[in-house]
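Today I opened a new structure and kept a few notes as I went. Come and look along with me.

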Amino acid sequence: MSAEEVEGVLADVGPRLRRIRKEREVTLSALSEVTGISVSTLSRLESGLRKPSLELLLPIAQAHQVPLDELVGTPPVGDPRVRATPLVRHGRTYWPLTRQPGGLQAYKVLVPQRTEEPELRTHEGYEWLYVLAGRLRVVLGEHDVVMSAGEAAEFDTRVPHWFGSTGEGPAEFLSLFGPQGERMHVRAKPKRP
């Protein structure tokens, strides 16, 4: 926030204090009794002749039973939604859920229904999968498993791996991928015969 923006926010505090006090039908002297702030200081705050400070605004916020940011008029929080443009690779649709390059990356992935021969790959990193819908076939080294909605897997991507459709329908899953060392806490265990 620039110095000009800060000055603008501070200039709006006085009128906001007056409006809140009048809406509650509280006099300056009644507010003074509750807060311990003199009537003249309260009047100067409302008229903009005195800069608001935290030590003055906190008791006023408590007296009016409003959050401090309502008195200050903090700017609204920006839209938190991630508006990812889907990418299509090898017939799969990927929605990137993280924006920063490097580090941990998150994707929502849709694998269409199809039958295909697994092509195992290896690369540096660590991956965590969580199946949202459908059934996902995961081949990891010598293990060939089918995961259903609500199941998760985690593995070192240096182990030959592949995941895709079971051929019975599409599958939708979340994928978190990160450099070696950024590991989750659930470990994929091999099936015991």
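This is a predicted model: local features need pLDDT of at least 70, side-chain atom pairs count only at pLDDT 80 or more; totals for chains, interfaces and linings use all residues.

**Entry 1: the pocket.** I looked up the largest pocket and found a volume of about 630 Å³. Its lining has 18 residues, and His90, Arg92, Tyr94, Arg121 and Phe163 lie nearest the centre. With my classes in hand, I sorted the lining into six nonpolar, four polar and eight charged residues.

Entry 2: Which strand gives the most to the lining of the largest pocket? I found that strand 8 does, with three residues. Strand 2 (92–96), strand 3 (105–111), strand 8 (161–165) and strand 9 (171–178) each supply at least two.

**Entry 3: helix 2.** Next I turned to residues 28–35, which form helix 2, and saw that Leu28, Leu31, Ser32 and Thr35 are buried. These four sit on the same side of helix 2, because they cover an arc of only 105° around the axis. I reminded myself that an α-helix has 3.6 residues a turn, so residues three or four places apart point the same way.

What do the buried residues of helix 2 pack against? I listed helix 1 (3–23), helix 3 (39–47) and helix 4 (54–64). On the face turned away from the buried side, I found Glu33 and Val34, which are exposed.

**Entry 4: the end of the helix.** Just after helix 2, I noted that Gly36 takes a positive phi of about 80°.

How values were computed. Residues are numbered from 1 along each chain as its sequence is written. Side-chain values use heavy atoms; hydrogens and water are left out. Buried means under 20% relative accessible area, exposed over 50%, partly exposed in between (1.4 Å probe, protein chains only). The arc is that of the directions from the helix axis to the C-beta atoms. Contact means heavy atoms within 4.5 Å. On a 1 Å grid over the protein atoms alone, a cavity is a set of points where a 1.4 Å probe fits but cannot get out, and a pocket is an open set with protein on both sides within 12 Å along at least five of seven lines; lining residues have an atom within 4 Å of a point. Grid points are joined across faces, edges and corners, and a volume is the space filled by probe spheres set on the points. Ala, Val, Leu, Ile, Met, Phe, Trp, Tyr, Cys and Pro count as nonpolar, Asp, Glu, Lys and Arg as charged, and the others, Gly among them, as polar.
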